[in-house]
Amino acid sequence: MNPVELVFLGTASAAPTETRNLSAMALRTEGEWLLFDCPEGCQQQMLRSGVSYMKIQHIFFTHLHLDHVLGLPGLIATMQMHARIHPLYLYCPEGWKPKLQKLVSLAPKTDFEILFKEVQRGTVWQTPEYTVSCVPLKHEIACVGYIFLQTGKTGEFQRKKAIELKIPEGPLWAKLAKGEKIKIGPKTISPEHVMDYSKATPGLKIAYVVDTMPTKSYYNAIKDASILIHEATFLEKDHERAKQTLHSTAKQAGRVASETNAKQLILTHFSARHKELEQLENEARQEFGNVEMANDLEHKVLKGDQP
Ligand SMILES: [Zn+2]
Ligand SMILES: [Zn+2]
């Protein structure tokens with residue numbers, strides 16, 4: 001399994017501050033970047049952090065509030081200017097495709113294809129190496145959280161055993177590694193002969209949950225995350241405001257991490273009223289020990305199931 005890299009392109013809610021752009025995250029896997037939301041200013045954040053927008057094929061929109069989407073037409077215009085040819089896939093919650101299309105119509109006509117997909121729950125994109133799925137959240141408008149799940153290793157291929165059994169290296173090895181039986185002359189060889197299944201390793205699970213009030217309805221989808229990235233717009237003293245605007249407090253985010261058995265919690269999507277994040281961090285820590293605060297342009301490289 002190859003490492004996965006996370007880059008926080010923005011960590012502010014509603015309005016940017018001097019040090020924080022509006023919320024978005026990029027995730028690098030297998031040589032491509034997946035983008036989660038695309039607010040205004042996102043292009044510059046990508047340039048500053050080394051995220052290649054030409055290597056973005058998928059943009060997963062959590063919802064269509066302006067502070068999460070306004071960077072899209074500009075990004076498309078830049079892609080066209082740089083002679084992009086690869087198609088671009090855009091995902092948004094159910095019912096919001098017409099609005100997203102309208103936003104895209106502000107960009108110049110492109111030579112590359114733009115494809116739209118409405119999503120609500122379950123798998124939205126899949127390759128042999130990973131799956132992206134989504135789950136409905138609870139916000140003012142339709143909003144989804146996204147879950148990136150890396151394909152785990154079912155076991156370890158033992159080269160020595162394969163050589164002993166005189167299996168020629170190449171496609172036959174790959175078949176056995178995938179769990180298929182092979183035939184060499186009259187002899188059938190099962191994967192168990194060359195695979196050590198005690199060395200199975202799960203893939204990384206990364207959940208991106210912004211713009212929601214906490215509700216158990218998304219617990220199951222994000223459970224056992226290697227990293228839970230959760231919004232923490234407010235402090236506990238603004239509990240009522242969080243409820244009215246359908247956002248979460250840091251303490252609530254901590255509780256979600258604890259109740260869903262996350263290994264690590266990264267808080268993001270902070271209200272501009274919080275200049276110092278220490279208090280938010282402390283409140284989350286009352287519920288869950290392993291907390292980090294996301295900062296703009298920060299990179300995080302993850303290997304295996306170990307944050
Ligand atoms: Zn937001
Ligand atoms: Zn919102």
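**A guided look**

Guide: The end C-alpha atoms of residues 267-297 lie 14 Å apart, and the span is 26% helix and 16% strand. Here helices (H or I, at least four residues) and strands (E, at least two) are DSSP runs, numbered from the N terminus. UniProt lists residues 267-297 as "coiled-coil region" in an unreviewed entry. UniProt positions are given in the numbering used here, feature names are shortened, and annotations may be inferred rather than shown by experiment. This is a predicted model, where local features need pLDDT of at least 70, side-chain atom pairs count only at pLDDT 80 or more, and totals for chains, interfaces and linings use all residues. Residues are numbered from 1 along each chain as its sequence is written, while chains are lettered from A and ligands numbered from 1 in the order in which they are written.

Visitor: Which residues does UniProt put under "binding site" together with H63?

Guide: The unreviewed entry has H63, H65, H139 and D211 under that name. They span 149 residues in sequence, yet no two of their C-alpha atoms are more than 10.3 Å apart, so they gather at one spot.

Visitor: Why is D211 called buried?

Guide: Let's count. A residue is buried if 20 or more other C-beta atoms lie within 10 Å of its own, exposed if 12 or fewer, and partly exposed in between, with C-beta atoms placed from the backbone. D211 has 27 other C-beta atoms within 10 Å, so it is buried. D211 is found in the loop between β14 (205-209) and α7 (219-222).

Visitor: Which residues does D211 touch?

Guide: Contact means that the C-beta atoms of two residues, placed from the backbone, lie within 7 Å. Not counting residues up to four places away in sequence, D211 touches T62, H63, H65, L137, H139, C143, E231 and H247. With neighbours within four places left aside, H139 is in contact with H63, D211, T212 and L246, and H65 with I141 and D211.

Visitor: Where else does the record place a "binding site"?

Guide: An unreviewed UniProt entry places that feature at D67, H68, D211 and H269. Although spread over 203 residues of sequence, they cluster in space, with a largest C-alpha distance of 10.9 Å. D67 is found in helix α2 (residues 66-69). D67 has 21 other C-beta atoms within 10 Å, so it is buried.

Visitor: What makes K181 exposed?

Guide: K181 has 12 other C-beta atoms within 10 Å, so it counts as exposed. K181 is in the loop between α6 (171-177) and β11 (182-184). Leaving out residues up to four places away in sequence, K181 touches T188, I189 and S190.

Visitor: How do you know that β1 and β2 pair?

Guide: Two strands pair if DSSP finds at least two bridges between them. Strand β1 and strand β2 (residues 24-29) have 5 bridges, in the antiparallel sense. Strand β1 (residues 4-10) is mostly covered, with 6 of its 7 residues buried.

Visitor: Why are β6 and β18 said to stand at the edges?

Guide: The open sheet has 7 strands in the order β6-β5-β4-β3-β2-β1-β18, with mixed pairing. β6 (114-119) and β18 each have a single partner strand, so one side of each is left without a neighbour in the sheet. Strand β5 (residues 88-93) pairs with β6 in the parallel sense over 6 bridges, and L88 has I114 as its bridge partner in β6.
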